[in-house]
Amino acid sequence: MSRRSNLLWIDCTGGLLVGVAVLLTQGWLARLYALPSNLLLVMGCCNLAYACFSLWLAVAPRQRTVSRIGALALANLFWAVGCFIMVAVYLRVASVFGLVHLIGEGVYVGALGILEWRARELLAARPAPQLSSDAVKSNGGF
């Protein structure tokens, strides 16, 4: 396994573990977190869906394009924003445990999203094509 794919493995493992844990303990967590059970069901399913995509990129290096890594990073960033929106929505309802979970997940996936975005060229097996000045000239440009 290359060092550059470690970030993808961390990402998919986190999503898989959290998704499975939330789905298996959804009823108990709903009571502990004072959050709707359906919200936790959606969160667990989203984590598993995301884990599948990041796992696919981790195990299939040829599928790692800059655009797919970028989409993965943006999904993390959007999920982080979603976590913080849920904090705002459930601030007066959720328990401290629920708020800590939402904030922690938001910080974790937000940090991964930033790291993946910054390293998307390195994480991609096939870098984005670059236009050279020779290619532009041969096509009638300049």
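Trainee: Among contacts in the protein chain between residues at least 6 apart in sequence, what share joins residues at least 24 apart?
Mentor: That share is 72%, where contact means heavy atoms within 4.5 Å. Please keep in mind that this is a predicted model, in which local features need pLDDT of at least 70 and side-chain atom pairs count only at pLDDT 80 or more, while totals for chains, interfaces and linings use all residues. Residues are numbered from 1 along each chain as its sequence is written, and side-chain values use heavy atoms, with hydrogens and water left out.

Trainee: How many helices and strands does the protein chain have?
Mentor: There are seven helices and zero strands, with helices (H or I, at least four residues) and strands (E, at least two) taken as DSSP runs and numbered from the N terminus.

Trainee: And what percentage of the residues count as buried?
Mentor: Of the 142 residues in the protein chain, 38% are buried, and here buried means under 20% relative accessible area, exposed means over 50%, and partly exposed lies in between (1.4 Å probe, protein chains only).

Trainee: Which residues have the most contacts inside the largest nonpolar core?
Mentor: They are Leu35, Leu39, Leu40, Met43, Met86, Tyr90 and Leu102, in a core of 15 residues. A nonpolar core is a set of buried Ala, Val, Leu, Ile, Met, Phe, Trp, Tyr and Cys residues joined through side-chain atoms within 4.5 Å.

Trainee: Which elements give two or more residues to this core?
Mentor: Those elements are α2 (26–33), α3 (37–59), α4 (66–90) and α5 (96–118), and the largest share, four residues, comes from α4.

Trainee: What does Leu102 touch?
Mentor: Not counting residues up to four places away in sequence, Leu102 touches Leu35, Met43, Cys83, Met86 and Val87. There is also a second, separate core of 11 residues, which includes Cys12, Tyr50, Leu72 and Ala119.

Trainee: Switching to Ser54, is that residue buried or exposed?
Mentor: Ser54, which is found in helix α3, is buried, because its relative accessible area is 0%. Leaving aside neighbours within four places in sequence, Ser54 is in contact with Leu8, Asp11, Cys12 and Leu72.

Trainee: Then what about Val20, why does it count as partly exposed?
Mentor: Val20 is partly exposed because its relative accessible area is 36%, and this residue is found in helix α1 (residues 6–24).
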